[in-house]
Amino acid sequence: IEAKFSKRLRELREDRKLTQEELAARAGLDYKHIQRLEGASPSSPTLATIEKLAAAFDLQPWQLLKFER
């Protein structure tokens, strides 16, 4: 799940032409946290982080977790 979340997060961020720093600022997170979530060995996001990121993208949390098969 971490790898799929990492890919989805990066795709959404790049589609909106946001840097990791800009996304972090919108979500109220440290940009290093975004780097870890998008990295080669991504960490698992907490529910609070998912909610903040979803809000930053103007999505519902479930939409952020909707992965391609």
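Tutor: First a definition: helices (H or I, at least four residues) and strands (E, at least two) are DSSP runs, numbered from the N terminus. Keep in mind that this is a predicted model, where local features need pLDDT of at least 70, side-chain atom pairs count only at pLDDT 80 or more, and totals for chains, interfaces and linings use all residues. Residues are numbered from 1 along each chain as its sequence is written, and side-chain values use heavy atoms, with hydrogens and water left out.

Student: Thanks! Where is Lys17 found?
Tutor: Lys17 sits in the loop between helix H1 (2–15) and H2. Its phi is near 55 degrees, which is a positive value in a residue other than glycine.

Student: And is Lys17 buried or exposed?
Tutor: Lys17 counts as exposed, because its relative accessibility is 72%. For the terms, buried means under 20% relative accessible area, exposed over 50%, and partly exposed in between (1.4 Å probe, protein chains only).

Student: What about Asp58, what is its phi?
Tutor: Asp58 has a positive phi of about 60 degrees, although it is not a glycine. You'll find Asp58 in the loop between helix H4 (47–56) and helix H5 (61–64), just after H4. Asp58 is exposed, with a relative accessible area of 70%.

Student: Let's move to H4. Which residues in H4 are buried?
Tutor: Thr49, Ile50, Leu53, Ala54 and Ala56 are buried in H4. They lie on the same side of H4, because they cover an arc of only 160 degrees around the axis. The arc is that of the directions from the helix axis to the C-beta atoms.

Student: Which residues are exposed on the other side of H4?
Tutor: Leu47 and Ala55 are exposed there.

Student: What do the buried residues of H4 pack against?
Tutor: The buried residues of H4 pack against H1, H2, H3 and H5. Contact here means heavy atoms within 4.5 Å.

Student: At what angle do H2 and H4 pack?
Tutor: H2 and H4 pack at an angle of about 105 degrees, and their axes are 8 Å apart. That makes H2 roughly perpendicular to H4. The cut-offs are under 35 degrees for roughly parallel, over 145 for roughly antiparallel, 65 to 115 for roughly perpendicular, and oblique for the rest. Axes are lines fitted to C-alpha atoms, for helices over the stretch in contact, and angles run from 0 to 180 degrees between N-to-C directions.

Student: Which residues meet there?
Tutor: From H2, Leu23, Arg26 and Ala27 meet Lys52, Leu53 and Ala56 of H4. The residues of this contact of H2 with H4 divide into 4 nonpolar, no polar and 2 charged. In that scheme Ala, Val, Leu, Ile, Met, Phe, Trp, Tyr, Cys and Pro count as nonpolar, Asp, Glu, Lys and Arg as charged, and the others, Gly among them, as polar.

Student: How about H2 and H3, at what angle do they pack?
Tutor: Helix H2 (residues 20–27) and helix H3 (residues 31–38) pack at about 115 degrees, with their axes 8 Å apart. That makes H2 roughly perpendicular to H3.

Student: Which residues make that contact?
Tutor: Gln20, Glu21, Leu23 and Ala24 in H2 meet Tyr31, Ile34, Gln35 and Glu38 in H3.

Student: Nice. Which residues in H3 are buried?
Tutor: In H3, His33, Ile34, Leu37 and Glu38 are buried. They are on the same side of H3, because they cover an arc of only 130 degrees around the axis. What covers them includes H1, H2 and H4.

Student: Last one: what is Tyr31 in contact with?
Tutor: Leaving aside neighbours within four places in sequence, Tyr31 is in contact with Gln20, Glu21 and Ala24. Tyr31 is partly exposed, with a relative accessible area of 31%.
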